[in-house]
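Open the model in your viewer and keep the selection panel at hand. This tour goes from one interface to the next, with stops at two ligands.

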Amino acid sequence: MAVQKKAQIISQVQLAPGIFSMWLKDLEIAGQAKPGQFLSLYCYSEDRLLPRPISICEIKEDGTSLRLVYRVAGKGTEEFSRLKEGDTIQVMGPLGNGFPETGAKAILIGGGIGIPPMLELAKSLDCEKSIVLGYRDITFLEKEFQPYGQVYLSTEDGSAGVKGNVIDAIRQNAVEGEVIYACGPTPMLRGVKAYAAEHGITAWLSLEERMACGIGACLACVCKTRNKDHHTNVNNTRICKEGPVFKAEEVEL
Amino acid sequence: MAVQKKAQIISQVQLAPGIFSMWLKDLEIAGQAKPGQFLSLYCYSEDRLLPRPISICEIKEDGTSLRLVYRVAGKGTEEFSRLKEGDTIQVMGPLGNGFPETGAKAILIGGGIGIPPMLELAKSLDCEKSIVLGYRDITFLEKEFQPYGQVYLSTEDGSAGVKGNVIDAIRQNAVEGEVIYACGPTPMLRGVKAYAAEHGITAWLSLEERMACGIGACLACVCKTRNKDHHTNVNNTRICKEGPVFKAEEVEL
Amino acid sequence: MINTKVTIAGVEWKNPVTTASGTFGSGMEFADFVDLNRLGAVTTKGVSYEPWTGNPVPRIAETGSGMLNAIGLQNPGVEVFVNRDLPFLKQYDTRVIVNVCGKTTEDYLKVVERLSDCAVDMLEINISCPNVKEGGIAFGQSTCSVEDITRQVKKYARQPVIMKLSPNVTDIREMAKAAEAGGADALSLINTLTGTKIDIYKRKFVLANETGGLSGPAVKPVALRMVNQVARTVKIPVIGMGGIATGEDAIEFLMAGATAVAVGTANFRNPLATVEVIDGIQDFLAKEGIADIQDIIGCINR
Amino acid sequence: MINTKVTIAGVEWKNPVTTASGTFGSGMEFADFVDLNRLGAVTTKGVSYEPWTGNPVPRIAETGSGMLNAIGLQNPGVEVFVNRDLPFLKQYDTRVIVNVCGKTTEDYLKVVERLSDCAVDMLEINISCPNVKEGGIAFGQSTCSVEDITRQVKKYARQPVIMKLSPNVTDIREMAKAAEAGGADALSLINTLTGTKIDIYKRKFVLANETGGLSGPAVKPVALRMVNQVARTVKIPVIGMGGIATGEDAIEFLMAGATAVAVGTANFRNPLATVEVIDGIQDFLAKEGIADIQDIIGCINR
Ligand SMILES: Cc1cc2nc3c(=O)[nH]c(=O)nc-3n(C[C@H](O)[C@H](O)[C@H](O)COP(=O)(O)OP(=O)(O)OC[C@H]3O[C@@H](n4cnc5c(N)ncnc54)[C@H](O)[C@@H]3O)c2cc1C
Ligand SMILES: Cc1cc2nc3c(=O)[nH]c(=O)nc-3n(C[C@H](O)[C@H](O)[C@H](O)COP(=O)(O)OP(=O)(O)OC[C@H]3O[C@@H](n4cnc5c(N)ncnc54)[C@H](O)[C@@H]3O)c2cc1C
Ligand SMILES: Cc1cc2nc3c(=O)[nH]c(=O)nc-3n(C[C@H](O)[C@H](O)[C@H](O)COP(=O)(O)O)c2cc1C
Ligand SMILES: Cc1cc2nc3c(=O)[nH]c(=O)nc-3n(C[C@H](O)[C@H](O)[C@H](O)COP(=O)(O)O)c2cc1C
Ligand code: FES
Ligand code: FES
């Protein structure tokens, strides 16, 4: 069950310009977290009311701590980036459903700041897997994926891997799999959805939307769905609760 | 001329429960400051818009730094109290007129958190002087006054000095003088004003009021005056600009 | 023993704290964090007759000490509410207030009728939602329509009726008087203030709906002013809300004349906000030596 | 060279930034911090015919991301203004806008007449002050009185007339249309939203006046919504204000349809706020490759 509490920062380092990696010490949350779930992070500044959802990037094997990797996108994440070892931060989690295990040969696809959650997934999925990571230009975290499968890169400017996007990298490297797990910007997810449909394979997509409660109470974070969902009774399901991971064919992007 | 800038904190210590002493390094402000003037201190938290006026308690002889002594009264001062050596704080000053030098035998009266500004005054006034300090219960700063004159204390609970208020202390100790300088809560200032009138002596009072601009532009901080003041053209003068120090007979309390 | 019980339109609450509609779902999700038995009442998200899909996303935006929302009253409809949410809520020892919304007067009446023999303690009629094209606020901005819809709802309602007022009006006292004249048993205010935000890099409104409703600490001064104005104007009890996050905030509303208060946006920053407000009220009364919460309700007006 | 010049009712400003009345005095005190030559215009504190004493203290209170003020339009009267403040302002290369207040229509007209042959570039007529018993907001909350006072002022005014609107209304577009119908050359909005705050330990209102006007970042979403509504409704130019503290904030208002903006409460937190807003606008235009500020004014409505 999700909890809200102050967690201690074990370490914080900058991985690339504006990209930070933070380890948090917390038994209660780390002990029950799964890849694809996320935390709500709260700001110190009292004028910033809403929690910032950040995916879990890694969970320490002994369940004592977890890692977040995030990009400074505005004032909230900027505030987080100034926190140091020993400081505390108010967090809630683990939230959301996380990625399902399928056992099938998998392609893991991460785009930009959607890459971090794929790391814990890569670690924990017990199956054959290929990993495709897409960047605009500067890469980060890619080396940490290497123990878990073949890693393919794409960059928009061609500075590393295939010039283009993740789908270009998949096609050019003839990457194959029976199931896709993906997280990244919406245009990328659309591409992945189309690719999966084309190849008749299942794709699990992790979606993003603005959140207020993070726990399914406010209906801020919905996405359009093919079927009526059991909770809302309309074709608008809660990303923070029923998601953030959905089967591609179930959701409209 | 007043300036607004970030100043560095040289040290911060707690003098008594909830009473803090902070030394700030700043040549530009300290170099031109006078006793009785104040600074505006700005909060880090962006939801707290208004500056906090805090009197100058001491000015280093070489004009490199100045001291503030303040009580934690709410969220702004609470925030200040958490700052540490090496941190910076946004300040504006020096503001206001300060106490005038008269050369006459002086009684300095400070009540509660009105005591700090009397310290620099005690240091800088070149005349015979008695110092009367009134507290509710716990005393602070009183020892630092001793080099500059005879110090008399009053406490409401009688735990130190005369039991009662500053006027009680003056009467019981038969403190004499030709001019009074006072800072403290309004009821105390009313007592001082009455006492001065009774004895036909001049009293200079340092007043307090809620401030928004701190520089005379918004007219938030007025006090009623006997005469129309040159600037406002009504009987409502600006404490932050024409004050905070006024001749007792000029103002209504 | 300090008394914190209050009675609103004949319904006794164990303490004067409820949830602001739409910020607490039907309580289910918050039950992981809050013991619902502690609340004076739970006010549900707006319930309409048919299921409503709500507005497109983005539905929210953060602003200085506030937030904008344009959820657009998405809800599963009254049948799901009655069959799923209500039984859930009835497990707890707390009052249940159902917030009712509609596009037409008939819509409201159908919900009210459907709930008439349900175990619901009070009805809150939302005539002040700024985020739906039809109904909502349109009902809440003229004295005639406020009085009319109140009167109609009262005909069908078996439970006491709270009319929820919009702050987007020139004089809220006029709306309050109209609701009172229509027979309202109580009033709640404020709903959200209409506002907007622009993404200057994309050159578009942040919200898909263009405008949304402002809530949170930013609106507290306006809410408190309106609650005070209304409490001074009508005889029926007032439930105050708008930016309440602490016990002190709640005390301000009670002193201004509210008989009870609701905690809304604060739940998003702190899921324990409701119970912390309840504890904060208790602490204040204890510290100030006040034996009965009645002693402070409206004390500023005496 | 990026163009930041704007023209409002025939008066050209070097950039679209002025000061919000009452937050900048007549510029004297801020001249220690800001080079007034940089400002598009200086808008003065409200000026009445006779000197006004204003309200008792406390006159201000801080709120979440906002502040309440109930200064009550204290000012030295138009004679002092003309003889002292105006010559001071005329030393600078900036437009001078005099904010005019009055208790009766005649009061307003007397000030407008007194200023008619003075070196004043524009008049801003404050019919929206919530903090005075007579006049002020009373003029600004009904379409008839807005239209009437505008028409009367226009008869006497030699300078272009900006009518300053109150946000404390059900539909600000109606007030804007009334001012336009009355002959206003431009509109400015928003003035403050009426609010209050209670000291729960003293059991009294924090402000001596009980209520005050809310300003600062807290009100920005409401201000931006109203500016957008009005800009879409009338043909005359709009000066937008309410919570502007940065260049980005100003850009939001310009995109919403304001031809110029005013910086108010932000001056209290940062005396350099006005010039930082001007620099911020420049930086945004440069970064986005926009050669003329006209290209973004109202772009959200196109
Ligand atoms: C389920 C989920 C998982 C995420 N995981 C990560 C992650 O692992 N690493 C990472 O860097 N980012 C992640 N994001 C995006 C991250 O939440 C935003 O970048 C962050 O909230 C921005 O906050 P800010 O204060 O810096 O920006 P501001 O723009 O100042 O934020 C203003 C408001 O908008 C919201 N907001 C802004 N951008 C987004 C966004 N893209 N998604 C949702 N809300 C947003 C903020 O939460 C806040 O309420 C995730 C988002 C979701 C929904
Ligand atoms: C000229 C002058 C000199 C002062 N010198 C000192 C000093 O040397 N040491 C000291 O401890 N205090 C001093 N004060 C009082 C000090 O300004 C307040 O205690 C402080 O502003 C409280 O801020 P807060 O955020 O902690 O309290 P909050 O109550 O949270 O503040 C809310 C708002 O009210 C204002 N406010 C609250 N109390 C006062 C007050 N008594 N006077 C003016 N504004 C107030 C704050 O500035 C802020 O805008 C002085 C006040 C004035 C006017
Ligand atoms: C996300 C959200 C959803 C809301 N939904 C409703 C609703 O369905 N019905 C209603 O009457 N008010 C609704 N409101 C308004 C709140 O109940 C409340 O009146 C308002 O937010 C002010 O209180 P607050 O500042 O404590 O949030 C909603 C507010 C928010 C923030
Ligand atoms: C202290 C203070 C005094 C004000 N005095 C006046 C005034 O004299 N005339 C007027 O039209 N508006 C006055 N206003 C309103 C402002 O000009 C402005 O409309 C409002 O504060 C919103 O802008 P802001 O949020 O940037 O401050 C005053 C506002 C403040 C905060
Ligand atoms: S953020 Fe509230 S329902 Fe998802
Ligand atoms: S605080 Fe603005 S005039 Fe004194």
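Select chain A and chain B. Between them there are two residue pairs in polar contact, both residues of each pair at pLDDT 80 or more. A polar contact is a pair of N or O atoms within 3.5 Å; within protein, one must be able to donate a hydrogen and the other to accept it, and residues adjacent in sequence count only if both atoms are side-chain atoms.

Before going on, note that this is a predicted model: local features need pLDDT of at least 70, side-chain atom pairs count only at pLDDT 80 or more, and totals for chains, interfaces and linings use all residues. Residues are numbered from 1 along each chain as its sequence is written, chains are lettered from A and ligands numbered from 1 in the order in which they are written, and side-chain values use heavy atoms, with hydrogens and water left out.

**Chains A and B**

Stay on this pair. How many salt bridges cross the interface of chain A and chain B? There are four salt bridges, each a side-chain nitrogen of Lys or Arg within 4 Å of a carboxyl oxygen of Asp or Glu.

Now colour the side of chain A that touches chain B by residue class. One residue is polar, four are charged and none is nonpolar. (Nonpolar: Ala, Val, Leu, Ile, Met, Phe, Trp, Tyr, Cys and Pro; charged: Asp, Glu, Lys and Arg; polar: the others, Gly among them.) Five residues from chain A and five residues from chain B make the contact, that is, have heavy atoms within 4.5 Å. The pair buries about 400 Å², 25% of it on carbon and sulfur atoms. Buried area is the accessible area (1.4 Å probe) that two parts lose on being put together, summed over both.

**Ligand 2**

Zoom to ligand 2. Of the 20 residues around it, R52(B), P53(B), R71(B), G76(B) and T77(B) come nearest; a residue counts if one of its heavy atoms lies within 4 Å. Pick out an N or O atom in the side chain of T77(B): it is 2.4 Å from a ligand 2 oxygen. For the side chain of R52(B), the distance is 2.8 Å. G74(B) uses a backbone N or O atom, 2.8 Å from an oxygen of ligand 2.

**Chains C and D**

Select chain C and chain D. A rotation of 180° with 0.0 Å of shift along its axis superposes chain D on chain C, RMSD 0.0 Å. That is the relation of a two-fold axis.

The contact takes 42 residues from each of chain D and chain C. Together they bury about 3600 Å², 64% of it on carbon and sulfur atoms. Highlight T170(D), I200(D) and R203(D): they supply 19% of the area that chain D buries against chain C, more than any other three residues.

Next, find E210(D) and R232(C). Their side chains meet in a salt bridge (3.1 Å, N to O).

**Ligand 4**

Finish at ligand 4. It is surrounded by 22 residues, the closest being S21(D), K164(D), G216(D), G243(D) and T265(D). An N or O atom in the side chain of K164(D) is 2.7 Å from a ligand 4 oxygen. For the side chain of N99(D), the distance is 2.9 Å. At I190(D), look for a polar backbone atom, 2.9 Å from an oxygen of ligand 4.

Conventions:
Least-squares fit on C-alpha atoms with pLDDT ≥ 70 in both.
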